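These are my notes from looking through one structure. I wrote them down in the order in which I looked things up.

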Amino acid sequence: MSAMVRRKGKGLVRMAVDHIVGKHHPNRGGKHQHHEIILLHGLLSSRRGWGRFGSRLLQALETQARSKSSSFSSACGAVATTHSFRIHALDCRNHGDSIHTDHHSLEAISDDLSLYME
C-alpha cells in the first residue's frame, strides 16, 4: 500500500506503508483509547525489514492492555477502558517501494514523516 503526502511547494511524495491493525473490542459504556504507532527502518533497510515484528508487537500491546484494564476494573469496580492499535511500517523516500528522488536529506525525510502524520 502507498500513501501520498504533500510537501509544501514540492508536490506529492509517495511513501510505501504497511498497516497492521488490531482488533477493536467495543466496551459498552466504557472509555476507548486509540493508539497509532509508526515503525521506521534503518539507514540501509526498508519497511520489510520489520518482518513479523509489527504483528508480534500488536499482539503484545493488545494482551497487555486487556490485562491491565481488566485487573484495574476488577480491583476498583470501574468500567474498563478498551484500547485499539494501528501500526504503520513506512518506507522513507529513496528506500524500498517509496518514491526515489534526487533530493535526499534527513530534513526531507522528516518533512515527509510530519506530513504523513497529519
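**Salt bridges**

I began with a pair of charged side chains: R48 and D97 form a salt bridge, with N and O 2.8 Å apart. The model is a predicted one. I looked up where the two partners sit. R48 is in the loop between strand 3 and helix 1, and D97 is in the loop between strand 4 and helix 2, so the bridge ties together parts that are 49 residues apart in sequence. R48 is exposed, with a relative accessible area of 52%, while D97 is partly exposed at 32%.

Next I took R47. Its salt bridge with D91 has the closest N and O atoms 2.5 Å apart. This pair ties together parts 44 residues apart in sequence, because R47 lies in the loop between strand 3 and helix 1 and D91 in the loop between strand 4 and helix 2. R47 also forms a salt bridge with D18, and there the closest N and O atoms are 3.1 Å apart. D18 belongs to strand 2 (residues 11–21), so this bridge ties R47 to a part 29 residues away in sequence.

Buried or exposed: what is R47? I noted 5% relative accessibility, so R47 counts as buried, the limit being under 20%. D18, at 30%, counts as partly exposed. D91 is buried, at 0%.

I then listed what D91 touches. Leaving aside neighbours within four places in sequence, its contacts include M15, A16, H41, S46 and G96. R47 and D97 are also among them.

How many salt bridges are there in the count? I wrote down 6. D18, R47, R48, D91 and D97 are linked in a network of them.

**The chain as a whole**

I stepped back to the fold. The chain has 2 helices and 4 strands, and along the sequence they follow the pattern β-β-β-α-β-α. Of the 118 residues, 32% are buried. Among contacts with a separation of 6 or more, 70% are between residues 24 or more positions apart. The accessible surface is about 7700 Å², and carbon and sulfur atoms hold 54% of it.

**Nonpolar cores**

Which residues make up the largest nonpolar core? I found 7: I20, L39, L58, A65, F85, I87 and A89. Helix 1 (53–76) and strand 4 are the elements that give two or more residues to this core. Strand 4 gives the most, with 3 residues. Another core, of 5 residues, lies apart from it and includes M15, V17, L90 and L113.

I followed A89 further. Beyond its neighbours within four places in sequence, A89 is in contact with A16, V17, D18, L39, R47 and W50. D18 and R47, on that list, are the salt-bridged pair noted above.

S84 is in strand 4 (residues 81–90). At 7% relative accessibility, S84 counts as buried. Its side chain makes a polar contact of 2.7 Å with the side chain of H34.

The count of aromatic pairs came to 1. W50 is partly exposed at 27%, and F53 is partly exposed at 39%.

**Helix 2**

My last entry is L106, in helix 2 (residues 106–117). L106 is exposed, with a relative accessible area of 74%.

Note on methods:
Residues are numbered from 1 along each chain as its sequence is written. This is a predicted model: local features need pLDDT of at least 70, side-chain atom pairs count only at pLDDT 80 or more; totals for chains, interfaces and linings use all residues. Side-chain values use heavy atoms; hydrogens and water are left out. Buried means under 20% relative accessible area, exposed over 50%, partly exposed in between (1.4 Å probe, protein chains only). A polar contact is a pair of N or O atoms within 3.5 Å; within protein, one must be able to donate a hydrogen and the other to accept it, and residues adjacent in sequence count only if both atoms are side-chain atoms. Contact means heavy atoms within 4.5 Å. Accessible areas come from the Shrake-Rupley method with a 1.4 Å probe; for residues, only the protein chains shown count as cover. A nonpolar core is a set of buried Ala, Val, Leu, Ile, Met, Phe, Trp, Tyr and Cys residues joined through side-chain atoms within 4.5 Å. Rings of Phe, Tyr and Trp (its six-membered ring) pair if their centres lie within 6.5 Å; planes under 30 degrees apart count as stacked, over 60 as edge-to-face and the rest as tilted. A salt bridge is a side-chain nitrogen of Lys or Arg within 4 Å of a carboxyl oxygen of Asp or Glu.
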